Amino acid sequence: MSQPVTILGATGSIGLSTLDVVGRYPDRFHVHAVAGGSRIAELVDVCRRAHPKKAVIADESKYAELKTALVEAGLGDIDVHAGQAAVAALAEDPDTQTVVQAVVGAAGVAPTFAAARAGKRLLLANKESVVCGGGLLMRTVRDCGAELLPVDSEHNAIFQCLSGASPKSRAGARILLTASGGPFRGRKDLKGITVEQALAHPRWNMGRKISIDSATLMNKGLEVIEARWLFDFEPSRIQVVVHPESIVHSAVEFEDGAVIAQLGSADMRTPIAYSLGWPERLDGHARRLSLTEIGRLTFEEPDTNIFPLLRIAYEALEKGDGSTIVLNAANEIAVEAFLARRIPFDAISKVIQDMLARISEPFPQSVEEILALDARVREETRRRLENASFEV
Ligand code: NDP
Ligand code: MG
């Protein structure tokens, strides 16, 4: 029987790759519901392709526009809702068991928790919700009988490398988290970088926010935090290794010295297909890897002097308090300001450091408290940016 799939963030890079994979298996999957942020034309296109039962737009003010556009496209039978709460409601919709969570940023926290609480099979690309949710999210997943399958390529790789490992072997293992190094690997400083340069990732074609995160190496910092919670590994057992070819998507070193790695071409359809089909494997139609064509793979240490955010992310995680939420929220606002050409590229890390020095809170006890801390940091970061109180 065809399995209904809900895609949150359906208009984004991961959302569209998911549509591509799902569309190749019409007997196995169909799209039940989709959610987007604010772009109507893109969401209508998704609806044309997938013809879901429900469509949600997070921006409440766009409800009428979406409704009209769908009617005009001959898709008036689609049930339309709007608002952040409607996105979270899709995540717990009893008509679907499989939820692909590909919203960008901390806007994904509430839907991720909603899916976890409803005991869904949660295919999670939205790393920010793991960073903000931490141990609370993992406990919710466990207590509510949800299944969490990581879509982020490194975490999907680690998931595969750890499968079959006993709890004792896991306890003695180390994660080798690979990083492409981004577009500025090898640079001696980060001065004068333009938005266009920062968006031009050498290996991956991704959404704007994660592309900037990759360029600052904040993406890898967020991924260290993500790995810490997803796999229950202490930060000291997670090592970042720069691997510019992006062929080894990550690896696990076991106590006996064996290193198990997962390799593949740089195409998110592979981890998406893996998590959709799990425990079976599906063909995501990514380009096949030819090791002889590649010839050689290289690895190096990350440069945390030029890219301080990776070190700062480890420090925030080691503190074990709400610093990881502060880090994430300040980063989102700083990236937004850089993309709007309001601050230079090398100010992003300064903004984040400044906010980490100002706000120190224990780790929140509930989703509401997580959202409140996130909102407070955003507001304060915005205010300080507006007043130009950062030395940039
Ligand atoms: P995109 O920017 O391409 O897409 C983001 C999606 O989220 C869009 O559908 C957007 O809608 C939607 N959205 C934005 N704001 C909201 C909101 N407030 N509520 C609901 N939906 C919203 O991002 P990516 O696809 O690149 O990334 C998505 C997530 O996956 C991120 O967390 C990222 O870190 C992670 N990820 C991405 C990878 C990649 O290769 N792209 C790899 C690994 C992880 P709209 O189009 O209307 O703005
Ligand atoms: Mg990744």
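The model is predicted: local features need pLDDT of at least 70 and side-chain atom pairs pLDDT 80 or more, while totals for chains, interfaces and linings use all residues. Residues are numbered from 1 along each chain, ligands are numbered from 1 in the order written, and side-chain values use heavy atoms, without hydrogens and water.

**Glu245**
- Glu245 sits in the loop between β9 (238-242) and β10 (248-253) (strands are DSSP E runs of at least two residues, helices H or I runs of at least four).
- Glu245 is buried (under 20% relative accessible area; exposed is over 50%, partly exposed in between; 1.4 Å probe, protein chains only).
- Glu245 has no salt bridge (Lys or Arg side-chain nitrogen within 4 Å of an Asp or Glu carboxyl oxygen); Arg296, the nearest side chain of opposite charge, is 5.9 Å away.

**Magnesium ion (ligand 2)**
- Asp152 (OD), Glu154 (OE) and Glu223 (OE) coordinate the magnesium ion at 2.1 to 2.2 Å (donors are N, O and S atoms within 2.8 Å of the metal, or 3.2 Å for Na, K and Ca; water is not among the atoms, so the site may look incomplete).
- Glu154 belongs to helix α7 (residues 153-162) and Glu223 to helix α11 (residues 218-231), so the pair ties together parts 69 residues apart in sequence.
- Glu154 and Glu223 are both buried.

**Leu263**
- Leu263 lies in strand β11 (residues 259-263) and is partly exposed, at 36% relative accessible area.

Terms used
Lys, Arg positive; Asp, Glu negative; His and termini not counted.
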